[in-house]
Amino acid sequence: MWWIGDRYTEAKELNEINMLRDVDKAYIAGLVDGEGCITLRREVRKENHRGWRINPHVGIYNTNREVLEWAQQTLACGCLWKTTMSKKHAKAHYKQMYVLHFNAHDIRSLLPQLLPYLKIKKLPAELVLEYLSMVSQGKAMTEAQEARALELLQLVQKTRVRVTT
């Protein structure tokens, strides 16, 4: 993946995201519902005492870079990436794909704003927000929180819709 633009300048605080117009929130929620991903990912981390950690992931994928740039500018958050294409897809003349990815801080501010407008990905959004409410930077999770985090991971993965043709 390739990084595009300067994502970390002038990030909005939660109260500034509340100033978004309802129509913008609804449009961005539509992008997330149709072209996005809301999930939890379990990653191997040998330096972690558990040997793993769970990371939230929210991303919007599209071949139209301009719409993702508009969303990034409107929200004043998110990292816009150019995805790498396999040689097979490049030869098949596939369009270049881009992803607007949000970090945990962005997700904490963004998902509550989009939640009323989400239809397809409402449940995973609620589960990711529950996970984020349990974790705090620099603080270890209790055993009960770790068990719930793994439960949330499984629940989010069950909500993923895969289309096969």
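Modeller: Helices here are DSSP runs of H or I with at least four residues, strands are E runs of at least two, and both are numbered from the N terminus. Ala 26 is found in one of these, helix H2 (residues 22-35). This is a predicted model, where local features need pLDDT of at least 70, side-chain atom pairs count only at pLDDT 80 or more, and totals for chains, interfaces and linings use all residues. Residues are numbered from 1 along each chain as its sequence is written, and side-chain values use heavy atoms, leaving out hydrogens and water.

Biologist: Why does Ala 26 count as partly exposed?

Modeller: Buried means under 20% relative accessible area and exposed over 50%, with partly exposed in between (1.4 Å probe, protein chains only). Ala 26 has 31% relative accessibility, so it counts as partly exposed.

Biologist: Happy with that! Which residues of helix H5 are buried?

Modeller: In H5 (residues 104-114) they are Asp 106, Ile 107, Ser 109, Leu 110, Leu 111, Gln 113 and Leu 114.

Biologist: What makes H6 and H7 roughly antiparallel?

Modeller: Axes are lines fitted to C-alpha atoms, for helices over the stretch in contact, and angles run from 0 to 180 degrees between N-to-C directions. The axes of H6 (residues 122-134) and H7 (residues 143-159) cross at roughly 165 degrees and come within 9 Å. Angles under 35 degrees count as roughly parallel, over 145 as roughly antiparallel, 65 to 115 as roughly perpendicular and the rest as oblique. H6 and H7 are therefore roughly antiparallel.

Biologist: Which residues of H6 make the contact?

Modeller: With contact meaning heavy atoms within 4.5 Å, H6 contributes Leu 123, Pro 124, Leu 127, Glu 130, Tyr 131 and Met 134.
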